Amino acid sequence: MIRARIPPAIGILAGVGLLLFLLPLAGLIVRAPWNQALGELTDPTTTTALGLSLFCSLTATAIAMVLGIPIAIVLARTHGTLRNLLRALTTLPMVLPPVVGGVALLLAFGRRGIAGSVLYQVFGLQIPFTTAAAVMAETFVAMPFLVIAVEAGLRSLDHRYEETARALGANQWTVLARVTLPLLRPAIFSGAVLCWARALGEFGATITFAGNFPGRTQTVPIAVYLALETNPDAAITLSLILLVVSLAILVGMRDRWLGAL
Amino acid sequence: MIRRLLVLLAIAAMAACGGNGGIPQATVTVFAASSLKPAFDKIGARLLTTTNIVPTLSYAGTQTLLSQLTQGAPADVFASADVAHMTTAQNAGLLSGQSRIFAHNKLEIAVARGNPKGIRSLADLSRPGLVVVLADPSVPAGKYAAQALKNAGVAVHPASLEQQVTGVLSKIALGEADAGIVYVSDIVTSGQVDGVTIPDAQNVIGDYPIAILSSTQNRAEAETFMNLVLSADGQAILKAAGFEGA
Amino acid sequence: MAGRPVTLEASVRVQHEGFALDAELTVAAGETVAVLGPNGAGKTTLLRALAGLVPMSGRVTLDGEVLDDSAGQVHVPTERRHIGLVFQDHVLFPHLTVLENVAFGLRAQRRRDAGAVARRWLDDAGLGDRASALPRALSGGQAQRVALLRALATEPRLLLLDEPLSSLDVSVRAEVRRELSRQLATFTGVRILVTHDPLEAIALADRLVVLEGGAIVQSGTPDEVTARPRSRFVADLAGVNLLRGQAHGDHIVLSGGASVAAVDAGDGEVFAVVHPRAVALYRTRPDGTPRNVWRGRADSIDLHGERVRVRVKGPVPLVAEVTRAAVRELGLGAGAEVWVVVKATEVSVYPA
């Protein structure tokens with residue numbers, strides 16, 4: 001419900017802004033080839049891309065949680081210049097154009113990359129063009145969302161809970177497991193959901209670092225991009241699917257979880 | 001304060017209008033397949049020095065260009081990497097007049113400088129452990145490559161299917177891929193990779209057509225460009241870039 | 001653990017963001033010491049240092065075990081000190097039930113009967129029926145009582161209470177204070193209570209330690225401390241006037257130069273206490289035996305039932321306690337000129 005009175009000028013500007021969001025979505029829905037939609041949905045290219053996208057994005061989110069929560073804890077417990085530096089580093093992927101991220105990943109983990117060359121020469125391990133590369137690309141761009149959400153949650157946590165737990169004799173692991181993490185659950189949840197959504201939609205870094213191959217690295221966004229030129233109907237259907245998934249995520253997340261940000 | 005602002009605006013307006021004394025610029029917008037970049041950049045430069053036309057050259061995979069044109073992107077000339085896409089454009093009513101074939105291109109295997117993996121033929125591309133990159137079948141070069149491989153009876157498992165043939169080239173130049181199939185012209189103009197010839201029996205010859213678009217606003221300039229491409233000068237540039245003449 | 005006497009000996013120095021604390025404390029088992037002082041005095045810092053939560057220099061031993069020794073670089077981390085900590089707003093773990101809260105320390109000790117022991121504590125305190133409730137379902141008083149039980153359940157050697165009653169409603173405070181008293185009576189370890197509320201301190205403590213500006217200014221039983229205040233804070237607490245100056249046998253010279261007649265004042269730096277009841281006010285300069293007669297101006301007048309406290313400004317600033325009738329009769333109002341009279345025998349003097 002609209003409670004307070006909204007000045008007309010504000011209302012008009014907001015209306016224009018909302019149109020900017022609404023029209024593209026309406027375009028997708030109105031122009032969708034609903035007749036063929038079902039056929040496209042069961043098309044192997046579509047289902048493969050969907051399956052791969054789900055696998056990669058969920059794996060990326062899991063990795064982001066395992067690595068990102070510790071990063072958030074470190075960030076919350078350091079101060080001053082070091083903390084600012086670390087935080088800038090971990091949130092850089094958020095502002096970096098994804099393709100740039102992809103190039104950077106190549107230069108780090110490609111066969112001639114600073115770390116990749118070692119992996120290649122010593123272990124014969126090659127990362128680009130593999131599903132692992134797609135997962136890495138998605139993790140790279142999406143983890144910052146989780147880190148930020150969890151760090152914010154940690155900062156707003158009353159430090160006396162941990163102090164009380166310690167006074168009661170709990171060692172640092174018990175404190176983490178029985179007090180800190182349970183209290184962080186809302187922040188972790190909202191961070192993970194946003195991380196997953198971002199990973200699901202990742203394109204630029206993935207296509208640059210992991211390339212494009214159906215079933216291995218062709219995620220839904222890449223499939224849409226390709227299909228646009230050869231089979232627009234399939235592209236629209238895939239786009240709709242991703243739109244529905246994203247909407248479901250956002251609507252499903254209540255205010256109080258988004259509030260953790 | 002207001003006066004100063006008005007004076008500044010006046011100067012800015014004059015500067016915008018001025019430049020060459022008020023003569024409107026002749027321009028031509030060309031959509032060309034990415035494999036044409038080295039050659040068409042030179043042809044564009046030639047156009048600039050010999051006429052007063054300023055060319056804007058836009059390169060991408062042929063299928064991408066066609067898609068953009070279908071969506072209404074404004075351009076004057078379209079140079080495609082195969083006849084199929086030009087035919088589609090024709091059928092969609094995008095062309096004004098007939099298209100003309102202006103060059104041919106053959107395929108060649110691209111490898112890292114020095115050919116460290118010792119590749120000698122298409123058959124070598126199916127070697128296990130080799131990282132091979134091809135253009136996506138929706139790209140002319142990809143389509144031709146698939147044809148060539150079929151001709152040679154070779155099954156390849158590519159690591160990636162690139163959106164434009166230059167993407168294949170860059171992956172090899174970056175060292176991420178061991179080999180790929182590109183155009184002869186790509187290898188000639190690249191300088192960063194080495195090539196392995198594909199025998200004519202297996203090779204595929206791609207035809208490059210060029211046409212003026214029906215939506216053009218600069219017909220005279222478009223014709224001038226097209227004629228330059230087809231002229232002795234243009235053909236010489238194309239040959240030097242590794243193409244075969246019309 | 002029960003029945004064995006424990007002693008805390010602490011010499012604590014903390015330097016933090018422009019604030020310095022330097023305090024020495026010895027507390028015997030079974031003794032409740034209240035650290036009393038104005039806000040910002042460093043009471044909570046002292047408590048946290050004893051808990052091992054803030055870096056400090058100095059030495060702390062509990063029951064003979066060295067918990068902190070900056071010289072020997074010993075620092076026992078908080079979780080191994082076996083202490084009980086109660087904050088002013090319970091800080092119960094919101095995601096755990098009341099029973100799990102109380103059992104937390106016991107589980108950390110890996111006691112298999114943690115749940116049963118916790119339940120016994122709750123039942124004894126009459127809170128057994130709230131065992132499966134979450135902290136947010138409890139009233140302020142109940143939550144604070146649970147927090148106390150949580151700290152006591154692990155049978156710590158040292159119980160640290162940081163203003164345990166101050167966030168409670170006045171009506172609830174008395175009830176929780178009684179509970180606290182009852183629990184402390186049977187607790188055998190060392191207890192240190194921090195508060196800025198003198199009532200709380202006097203009601204619960206055997207000994208008062210007054211902390212001001214990071215240093216201990218006074219220590220003793222509540223009676224001793226209030227009988228001989230050594231700072232404005234304690235004087236206000238005791239409700240008496242406090243003066244400080246140089247004694248010369250039968251009079252004291254204050255820093256402002258004024259002279260106060262006293263009996264057996266001795267020599268040297270002294271404190272002088274004058275109870276407001278002993279301060280008489282006149283509109284005109286009186287004739288009589290008292291040798292302490294000063295001119296002043298009434299500054300503020302506060303009603304305390306039938307008694308009125310008049311703050312007088314002058315060479316010797318004092319608070320006088322007179323009757324309402326007197327105020328009416330004298331026509332006393334703020335800014336009125338008065339003469340202040342104190343009998344020398346009413347001036348209580350002791351060394352500074």
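In what order do the elements of chain A run from the N terminus on? They run α-α-α-α-α-α-α-α-α-α-α-α-α, and the secondary structure of chain A comes to 13 helices and zero strands. Here helices (H or I, at least four residues) and strands (E, at least two) are DSSP runs, numbered from the N terminus.

A word on the model: it is predicted, so local features need pLDDT of at least 70 and side-chain atom pairs count only at pLDDT 80 or more, while totals for chains, interfaces and linings use all residues. Residues are numbered from 1 along each chain as its sequence is written, and chains are lettered from A and ligands numbered from 1 in the order in which they are written.

**Chain A**

| Property of chain A | Value |
|---|---|
| Box filled by the C-alpha atoms, along the principal axes | roughly 65 × 65 × 30 Å |
| Share of the 261 residues that count as buried | 38% |
| Share of contacts with a separation of 6 or more that join residues 24 or more positions apart | 77% |

A residue is buried if 20 or more other C-beta atoms lie within 10 Å of its own, exposed if 12 or fewer, and partly exposed in between, with C-beta atoms placed from the backbone. Two residues are in contact if their C-beta atoms, placed likewise, lie within 7 Å.

In helix 8 of chain A (residues 159-167), the buried residues are Tyr161(A), Thr164(A), Ala165(A), Arg166(A) and Ala167(A). Their cover includes helix 9 (172-200) of chain A, together with helix 1 (43-51) and strand 7 (83-86) of chain C. After helix 8 of chain A comes Gly169(A), with a positive phi near 105°.

**Chain B against chain A**

This contact takes 14 residues from chain A and 13 residues from chain B. On the chain B side, helix 3 (62-70) and strand 6 (160-162) are the elements that give two or more residues; helix 3 of chain B gives the most, with three residues.

**A helix pair in chain C**

Helix 2 (residues 98-108) and helix 3 (residues 114-124) of chain C pack at an angle of about 125°, their axes 8 Å apart. Axes are lines fitted to C-alpha atoms, for helices over the stretch in contact, and angles run from 0 to 180 degrees between N-to-C directions. The two helices of chain C are therefore oblique to each other (under 35 degrees is roughly parallel, over 145 roughly antiparallel, 65 to 115 roughly perpendicular, the rest oblique). Among the residues of helix 2 of chain C that meet helix 3 of chain C are Val98(C), Leu99(C) and Arg107(C).
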